[in-house]
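Have the model open beside you as you read.

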Amino acid sequence: MFAVDHVLVSDALLDAPFACHLGSCFGACCVHGDRGAPVEPDERQMLEDALPVVERKLRPEARAEIARHGVWEGDERSGYHTTTVRNRECVFVVYDGGGAGSAVAKCALQQAFWDGKTGFEKPVSCHLYPVRIETFGEGDEATDVLNYERIELCAPAVPHGRRTGVQLADFLDRPLTRKYGADWVARFRETLRQRRHDVGIGPQDPAPAPPA
């Protein structure tokens, strides 16, 4: 691992071609799992504020689940997460192109954000996936650990990243900026470049041209 300020980053990001390909995975990360997306404490109110904007687009079963349990579940000890339907898809999932069996799962929150109807894109944990953050300690002493969670659902993103020349570190530029800020991302990129050079793994800077 390598450190950027208070964040430890897995060496798995040194060489990790990755670019989402919804035509292959159908948005499976929003559907599969035993709980909803992790939600940071301050994101709970953001989810509640966004609900009136997107509620009419949600599926009837999602609206019924929200009526019973709200848009988030959990507690401070075990963590917070978005509510799910049948312990599967997030309540904010909408299907593009048909029913849940064959259509692409998309995020109603993100669609509303792109349409300029809300300032909250989606939980940052969703935006950063397949990188997961674990936090150890509290306050100024807290350390975040960023790990690349390799799962079969995201397997199509690897060859697609290789074909398009996109690395996971590049793919996650916006959510990393959202989480840690542009200055941190600049330091992350420089540290990543140096780490790749030191261990000889991952894309390398082109060799300088020989002197004339």
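## Backbone details and overall build

Pro-130 sits in the loop that links α5 (124-128) to β10 (131-136). This is a predicted model, and in it the peptide bond between Tyr-129 and Pro-130 is cis, with omega at about 15 degrees. As background, most residues other than glycine have a negative phi, and most peptide bonds are trans.

Asp-5, in the loop between β1 (2-4) and β2 (7-9), has a positive phi near 60 degrees although Asp-5 is not a glycine. Arg-86 belongs to the loop between β6 (84-85) and β7 (89-90), and its phi is positive as well, near 55 degrees. Is Arg-86 buried or exposed? Its relative accessibility is 55%, so Arg-86 counts as exposed, the cut-off being over 50%.

Here are the backbone angles side by side:

| Site | Angle | Value |
|---|---|---|
| Tyr-129 to Pro-130 | omega | about 15 degrees |
| Asp-5 | phi | near 60 degrees |
| Arg-86 | phi | near 55 degrees |

Now to a sheet. Strands of a sheet pair through backbone hydrogen bonds, either parallel or antiparallel. Here, three strands make up an open sheet, ordered β3-β5-β4, with antiparallel pairing. Why is one side of β3 and of β4 left without a neighbour in the sheet? Both β3 (38-39) and β4 (72-75) are edge strands with a single partner strand each, so one side of each has no neighbour there. Looking at one pairing in detail, β3 and β5 (residues 79-82) run antiparallel and are joined by two bridges. Within β5, Tyr-80 is the residue that stands opposite Val-39.

Stepping back, we can look at the whole molecule. The protein chain contains nine helices and eleven strands. Along the principal axes, its C-alpha atoms fill a box of roughly 70 × 40 × 30 Å. How much of the protein chain counts as buried? The figure is 39% of the 212 residues. Among contacts with a separation of 6 or more, 63% come from residues 24 or more positions apart.

Conventions. Residues are numbered from 1 along each chain as its sequence is written. This is a predicted model: local features need pLDDT of at least 70, side-chain atom pairs count only at pLDDT 80 or more; totals for chains, interfaces and linings use all residues. Side-chain values use heavy atoms; hydrogens and water are left out. Two strands pair if DSSP finds at least two bridges between them. Helices (H or I, at least four residues) and strands (E, at least two) are DSSP runs, numbered from the N terminus. Buried means under 20% relative accessible area, exposed over 50%, partly exposed in between (1.4 Å probe, protein chains only). Contact means heavy atoms within 4.5 Å.
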